[in-house]
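Please look over the structure below before reading on. The notes that follow are grouped by topic.

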Amino acid sequence: DKADFDSETQSVCPFCGVGCLVSLKVKDGRIAHVEGINGPANEGRLCVKGRFGFDYIHHEHRLTKPLIRRTDAPPKGLNVDPGNLSTHFREASWDEALDAAAGGLGGLRTAHGGRSVAGFGSAKCTNEEAYLFQKLIREGFGHNNVDHCTRLCHASSVAALLENVGSGAVTATFNEIENADVAIVIGANPVENHPVAATYFKQFAKRGGKLIVMDPRGIGLRSFASHMLQFRPGTDVAMLNAIMATIVEEGLYDEAYIAQRTENWEAEKAHLADFAPEKMAKICGIDAATLRDVARTFAGAKAGMIFWGMGVSQHIHGTDNSRCLISLALMCGHVGRPGTGLHPLRGQNNVQGASDAGLIPMFLPDYQSVTDDGLRQRFTELWGSEDFGDQKGLTVTEILDDVHAGRIRGMYILGENPAMSDPDVEHAREALAKLEHLVVQDIFLTETANFADVILPASALYEKAGTVSNTNRQVQMVRPALAPPGEAREDWAITMELARKLGLDWRYTHPREVFTEMKITMSSLDNITWERLERESVTYPSLSEQDPGQAVVFGDGFPREGGRAKFTPAAIIAPDEAPDEEYPMVMTTGRQLEHWHTGSMTRRSKVLDSVEPEANCSLHPATLRKLGVEPGGMVRLSTRRGSIEIMARSDRAVSPDMVFVPFAYVEAAANVLTNPALDPYGKIPEFKFSAVRVEPA
Ligand code: SF4
């Protein structure tokens, strides 16, 4: 009942890229209840995280005052008790803390040049905060060494999409599945990671749509699938090329579409001649008849869509995996019409928007290349700044490598947690400890903040104003239901104050002004105004003030030279490390329904943490029997990077030679084990394939 609450505010769920709209009911200064409302992506629905996972914002560990590392603090390490910060930090006024932050980073700029300082922003921030963060690094330090967690998520998908269709965003919203008759979901587990999107996929299957699920794990959508292809990990290219080879061999491709809308078809066709299903079946573990049936089903669809997740992207051949998916859709003419499209399901709530806003080292806002002198000049004129250079910046893992090499000495990290999220995380933690000056802006003492020199207390999403863009390209308004606790501030305001202390003449008084500045150089925001977003969510591109936005794009050509999409053939590349006698199994990592990314929020949510309180991994019952470990017993997982001990669950969805490990648990951090080898195009690490040894603990 409305009368039970003091206020009601509409905002956007802070967790996954679905971007569910929520109504936040506040009572006595606390969020008391959250319910789904009629957003374009959720139509009133919420998953358990959106519905019950909000109470982290009232957790006793919230940072409420600026902190400065004590001069007598113990050496930097993962050694701070979040309940007793005074052993390592002392409280400071905002003025003192911002002076210390700007003094440390600015001092490095003076002594060693701007390149000695780098920045990690966050996909948890609003579009305006992401824009300001990249602007601070570019304008304030004169280079492009700024990145965020897209590098660990869909960077390879974006690289392939930009290369072959000319745009990194989805070509169709996930709701378009309503107009499809066949859909492929590969390397994604939407039932746990995009649960509300999964409800649309399930309804599609219940209505008779053919759902083709491809994943090395037998994920939750399998019971709705017309075809379940549980292929061998790391063999995506072999499997997808075999499907495409069938389409070529049996003449099932859309000749007219290929002729009118694409280029490089002959090269793709010739390349596929080597990938007959009968040959590839031995590699990918899926029999040739099934591969042929899938090819006929997808190519024969009136309208087909492809959805993918990090099972596709997080490989050293992640860009090749996405190239195959793009080629498969193009050869069947399944891009640019209702019910067709390519859709990498975005992870974090604003990873699309943060990337659009230029929080990446190779692109300015709206994917305008830093190597283009004319484009850079537009920004330097707008900002009144010096040129920040045509050198593409370093990515997340490369920045930490440069810290080890002594070239980067200071960092500003906003809302990102590399001490948990990076591959071979001990390497990342050592880099953070080595920094001469680290400024962390966050809502909790994250594992990364353990290493900070200055900590700036920030705001949760439900405490701030701004806009975010979901996996569907829908731009939506975030509104504050509460003020940040204590002396904590909104992130855009902290970044602005830090910029001013660094000598930049920034004078924003509200995120609305930042959004207005973004619109000057971002044509994707044409016809989308702040005032409009106050009233409605808008999908970009929007063709007029009345147009709700284009759910499907590229019906009239692709944003590439000549308007044509491109086929880029992909060869088989083996995973970086093969299982051997010492490390005979394959480890893959991911998320669980209840825990979000590095767990900093969801492990502080009572409902979510009580459902899933303990670090766990999944092993096939036959593997557990072989090890002599009961379900619930402890196992030791070891790779070439390190070892963890973790509780083992029995799970038939995992094949006997695999182990699945969620990465949210600091006490058994999966990323102690993961392989930092990178995809050469997207620079994304191979989180999904590490050779591992499993033993009873
Ligand atoms: Fe939030 Fe995603 Fe769940 Fe929606 S599906 S409620 S956006 S976590």
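Which residue of β10 stands opposite I212? The residue is H227. The model is a predicted one.

- Five strands form an open sheet with parallel pairing, in the order β10-β9-β8-β12-β13.
- The edge positions are taken by β10, residues 227-229, and β13, residues 341-344.
- Each of these two strands has a single partner, so one side of each has no neighbour in the sheet.
- On average, neighbouring strands in this sheet are turned by 15 degrees against each other, direction ignored.

**Pairing of β9 with β10**
- Strand β9 covers residues 210-214 and pairs with β10 in the parallel sense.
- Three bridges make up this pairing.

**Strand β8 and its partners**
- β8 pairs with β9 over five bridges, in the parallel sense.

**Burial of β8**
- Is β8 largely enclosed or left open by the rest of the structure? Five of its five residues are buried, so β8 is largely enclosed.
- In a regular strand, side chains alternate between the two faces of the sheet.
- On one side of β8 are V182, I184 and I186, and on the other are A183 and V185.
- These residues are all buried, so both faces of β8 are covered.

**A helix across the sheet**

**Residue I494**
- I494 is located in helix α19, which spans residues 491-501.
- What is the relative accessible area of I494? The value is 0%. Buried means under 20%, so I494 counts as buried.
- Leaving aside neighbours within four places in sequence, the residues in contact with I494 are W94, L98, Q441, L456, P457, A458 and R489.
- One of these contacts is L456, which is 38 residues from I494 along the chain.
- The C-alpha atoms of I494 and L456 are separated by 7.8 Å.

Conventions: Residues numbered from 1 in each chain as written. Predicted model: local features only at pLDDT ≥ 70, side-chain atom pairs only at ≥ 80, totals over all residues. Heavy atoms only, no water. Pairing = 2+ DSSP bridges. Helix = DSSP H or I, 4+ residues; strand = E, 2+ residues; numbered from the N terminus. Axes fitted to C-alpha atoms, helices over the stretch in contact; angles between N-to-C directions. Buried < 20%, exposed > 50% of the residue type's maximum accessible area, 1.4 Å probe, protein only. Contact = heavy atoms within 4.5 Å.
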